[in-house]
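User: I am new to this structure. Please walk me through the terms as we go.

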Amino acid sequence: MILPPKVTPRAFARLAAINAGRAARPLRVAVAGGGCSGFQYEIDFGTPAPDDLVLAGEGQQVLIDPVSLPFLAAATIDYTEELIGARFVVENPNATASCGCGTSFSV
């Protein structure tokens, strides 16, 4: 059984702030081949597909496609603000290594 990823309240709150005053756009979190460590996260706005896992909170949605789901099992999707910038981040317990920027990983 694959444990689904979790989305923090802070990530849902930021997504709600981004979508304030407009039709809510779901955030899509996916995994693709590439990056300096073999796989990379793709985080963008998307449209739900029939086979997506939909994680909902604060009236917002985060979408995970079935191909990416095994790579994101038990991961945490969060939002962080640091001196170098603000972004959605993935804390992935499946990653055995990652690059310095945190967008690329290996399993």
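User: Which residues does Leu72 touch, and what makes that a contact?

Analyst: Leu72 touches Pro5, Val29, Val31, Tyr41, Ile64, Val90, Asn92 and Asn94, leaving out residues up to four places away in sequence. A contact means heavy atoms within 4.5 Å, so each of these pairs counts.

User: How do you know how far to trust the model?

Analyst: This is a predicted model, where local features need pLDDT of at least 70, side-chain atom pairs count only at pLDDT 80 or more, and totals for chains, interfaces and linings use all residues. Residues are numbered from 1 along each chain as its sequence is written, and side-chain values use heavy atoms, without hydrogens and water. pLDDT is the predictor's confidence in each residue, from 0 to 100. The chain's mean is 86, and 84% of its residues reach 70 or more. Strand E1 (residues 6-7) has the highest confidence, at 98, and strand E9 (residues 104-106) the lowest, at a mean of 48.

User: What makes a run a helix or a strand, and how many are there?

Analyst: Both are DSSP runs, numbered from the N terminus: helices (H or I) need at least four residues, strands (E) at least two. The chain has one helix and nine strands. Their order is β-α-β-β-β-β-β-β-β-β.

User: Why is one group of residues called a nonpolar core?

Analyst: The name means buried Ala, Val, Leu, Ile, Met, Phe, Trp, Tyr and Cys residues joined through side-chain atoms within 4.5 Å. Buried means under 20% relative accessible area (1.4 Å probe, protein chains only). The largest such core has 18 residues; Val7, Val29, Val62, Ile64, Leu72, Ile77 and Val90 touch the most other members. Helix H1 (9-19) and strand E2 (27-33) are among the elements that each supply at least two residues of this core.

Note on methods: Buried < 20%, exposed > 50% of the residue type's maximum accessible area, 1.4 Å probe, protein only.
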